[in-house]
Amino acid sequence: MAQKKETKNLYQKLHAVMGGCKKLIKQEGGGLPYKSVTHNMVSAQIKQQFKEHGLIFIPICKSSSKDGNIHSVTVACEIIDIDSGDKLPIGDFPGSGIDSQDKGYGKALSYAFKYLLQKLFLMEIGTDEE
């Protein structure tokens, strides 16, 4: 007899993603005088976990405003289980980006989604590798 594949629901998959996230180590770079965790560091880890567990992340920008060189956004997302089609909406989460030219909006989005994912999956941030 064929063995039946164990199926997980959306919440079990999200729990598995949380468990699969590794500690993020702050790194120097980007011309900043301090170490930080970048949007790409968070995204790479979440992307790998989402692919492994059959989940899709749909980003949503709910609002955007600019005051001088400060751009502010409110974001949300929808997480979709590709096996069941179940969806989980998450939001609202703020972010700001400061730029005197045209990059404030992108900075605000990156900041907001980076922190949304970090907080949603309780990603541990460290300064030194153990």
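Between helix 3 and strand 5 (125-126) runs a loop that contains Leu122. The model is a predicted one. In this model Leu122 has a positive phi of about 50°, although Leu122 is not a glycine.

**Backbone features**

- Leu122 counts as exposed because its relative accessibility is 63%, and the cut-off for exposed is over 50%.
- A cis peptide bond is found between Gly91 and Asp92, with omega at about 0°.
- Asp92, one of the two residues joined by that bond, belongs to strand 4.

**Overall architecture**

- The protein chain contains three helices and five strands.
- Read from the N terminus, the order of these elements is α-β-α-β-β-β-α-β.
- The C-alpha trace of the protein chain extends over about 65 × 40 × 20 Å along its principal axes.
- The protein chain has 130 residues, of which 34% count as buried.
- Among contacts in the protein chain with a separation of 6 or more, 57% are between residues 24 or more positions apart.

**Surface and charge**

- The protein chain has an accessible surface of about 8,700 Å², and carbon and sulfur atoms account for 52% of this surface.

**The largest pocket**

- The space in the largest pocket amounts to about 580 Å³.
- Helix 2, strand 4 (87-98) and helix 3 (104-120) are the elements that give two or more residues to the lining of this pocket.
- The lining of the largest pocket comprises 24 residues, and those nearest the pocket centre are Ser36, Val37, Thr38, His39 and Lys114.
- Which element gives the most to the lining of the largest pocket? Helix 3 does, with seven residues.

**Lys47 in helix 2**

- Helix 2 covers residues 39-53, and Lys47 is found in this helix.
- Is Lys47 buried or exposed? Lys47 counts as exposed because its relative accessibility is 55%, where exposed requires over 50%.
- Lys47 and Val17 are 30 residues apart along the chain, and their C-alpha atoms are separated by 9.9 Å.

Key: Residues numbered from 1 in each chain as written. Predicted model: local features only at pLDDT ≥ 70, side-chain atom pairs only at ≥ 80, totals over all residues. Heavy atoms only, no water. Helix = DSSP H or I, 4+ residues; strand = E, 2+ residues; numbered from the N terminus. Buried < 20%, exposed > 50% of the residue type's maximum accessible area, 1.4 Å probe, protein only. Contact = heavy atoms within 4.5 Å. Areas by Shrake-Rupley, 256 points an atom, 1.4 Å probe, with all protein chains shown as cover. 1 Å grid on protein atoms, 1.4 Å probe; cavity = no way out; pocket = protein on both sides within 12 Å on 5 of 7 lines; lining within 4 Å. Points joined across faces, edges and corners; volume = space filled by probe spheres on them.
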